[in-house]
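Colleague: I'd like to learn how to read helix packing and nonpolar cores. Could you walk me through an example?

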Amino acid sequence: MAYVKVCACAHLVRSEFPMPLVSDTSESSTKAKTSWSVRSTLKLFTSLPRNVWLLLLFTTGKGFQLSIAALTLNYYVHSLGYQPDYIGVFSAMPAIGAFLGAIPIGMLADRIGRKPVLLLTAFLSPLFLALCGLVTSAPLLLAVNLIQGLVSTAYWVTNLPLLTENTKEGQRVGVLAMNSFLLLGIGALGNLLGGAIPEYVASIMHVSAGSTMPLRWGVFVAALFTFVFGLPLWLLKETRHTRSIGEESIAPLGAEALVKLEEKERWPVWLYLKLLLPDLVFTMGEGAVVALIQLYFVLRFQLLPGTLGLIFTFSGLAGGVFSLTAPLFVKRWSKLRLVTSVQYLSAPLMLLIGFSPTLSLAIVGEYARSFMRTLIEPVYAAFAMEQVSDKQRATLAGFYSVTWSIGFSVGPTIAGWLQSSINLSASFAFGAFCLLLAPSLLLAFFGKRHQA
């Protein structure tokens, strides 16, 4: 999903829309329920272990890094004289790096522990991001951005399993929603810095904010956030892996039961394909738009970094806040219907952005698209995790990292070619098509089962 694969396990919910609820006859009963809901929510977050807070803190820094880099990095490459077709390939490099590194890094984390791997990415990711802001030749830019994506994938491989291990089942949806809020909402405040830093440096140097040196400093600050917020990870305590509850409960039953368990835990290949194919199509559509959307606003409406930063700060912050409402929507509607409905509605919004005659209308479309995307981040992941057993969830999460990598490498590459060969709006038409196809596939694969 978008920039991040949020993985969770939660109870299955009813797939049909619930019948209208009968209003309470007692007003005091309603107030009591509301008060209980608030107290239980507060208790959920105050009872979280220290590991979770350290991980959420690093996620906040990661969110700042992503938003500042998204605003300044492609703009920096454009300031060097490169065109959208090259920038599309450049934007695909981190996803290709993640594709190459996801499985080996996951295996490394299983061998030496997740904490050392997370610490490595907290150091190496900002190092190579800073190098992106130093090199200028086309081959070096591609190579360094590829390595930056490879080392950054360690965050996606380790953060979510660590959050899952350190939370109880009833806490996970709320914690994942908070993780999305910090990454996409609070982290979106980085757009303000991403716009303000080049403007400030430009005022000192008496040059345009869209020139190379001011934008280079924006990339440096993005790298600094990941490094500083990664320092508290030294306090993280590695969780010991134990046998699952299923194994412990069935072991006393003898060898025959264990054989049945092993047969049951074999890879459900067809199920994996049904889950991953729609996500691959979705990420291709998102990648075609999200990876180049800041550059699109620059080329289409001739915006400078300061204005661009304001637009995407409010977009990300409002979307992040809206993501916190995900548990409320899940209580009323099924995950499948919520995800597919939002994807269908997002398709015309992409067309609205891409073909908008005015900046204000394009901003409205981007804000609405951001709201919907962040809403279904934890919901989509929870739905997928519920389809497989406990033992298969980590494997499925790894494959989701692969589909994200492919989608965000193929999508921006196609988008860059469309923008250079046809026009700037063509990439949004491709993204809209993908967002119509993805929910159609989900409904074809899972609709009948969840309506039964």
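Modeller: Gladly! Let's start with two helices, which are DSSP runs of H or I with at least four residues, numbered from the N terminus. Helix 12 (residues 293–301) packs against helix 16 (residues 359–386) at about 170°, and their axes are 12 Å apart. Axes are lines fitted to C-alpha atoms over the stretch in contact, with angles running from 0 to 180 degrees between N-to-C directions. Angles over 145 degrees count as roughly antiparallel, so helix 12 is roughly antiparallel to helix 16.

Modeller: A word on the source: this is a predicted model, where local features need pLDDT of at least 70, side-chain atom pairs count only at pLDDT 80 or more, and totals for chains, interfaces and linings use all residues. Residues are numbered from 1 along each chain as its sequence is written, and side-chain values use heavy atoms, leaving out hydrogens and water.

Colleague: Which residues in helix 12 and helix 16 meet?

Modeller: Contact means heavy atoms within 4.5 Å. Ile293, Phe297 and Phe301 of helix 12 meet Leu359, Ala362, Ile363 and Glu366 of helix 16.

Colleague: How many residues has the largest nonpolar core?

Modeller: A nonpolar core joins buried Ala, Val, Leu, Ile, Met, Phe, Trp, Tyr and Cys residues through side-chain atoms within 4.5 Å; buried means under 20% relative accessible area, with a 1.4 Å probe and protein chains only. Here the largest has 82 residues, and Phe297 is among those with the most contacts inside it. Helix 18 (residues 426–451) gives the most to this core, 10 residues.

Colleague: What share of the protein chain counts as buried?

Modeller: Of its 452 residues, 54%.

Conventions: Angles under 35 degrees count as roughly parallel, over 145 as roughly antiparallel, 65 to 115 as roughly perpendicular and the rest as oblique. Buried means under 20% relative accessible area, exposed over 50%, partly exposed in between (1.4 Å probe, protein chains only).
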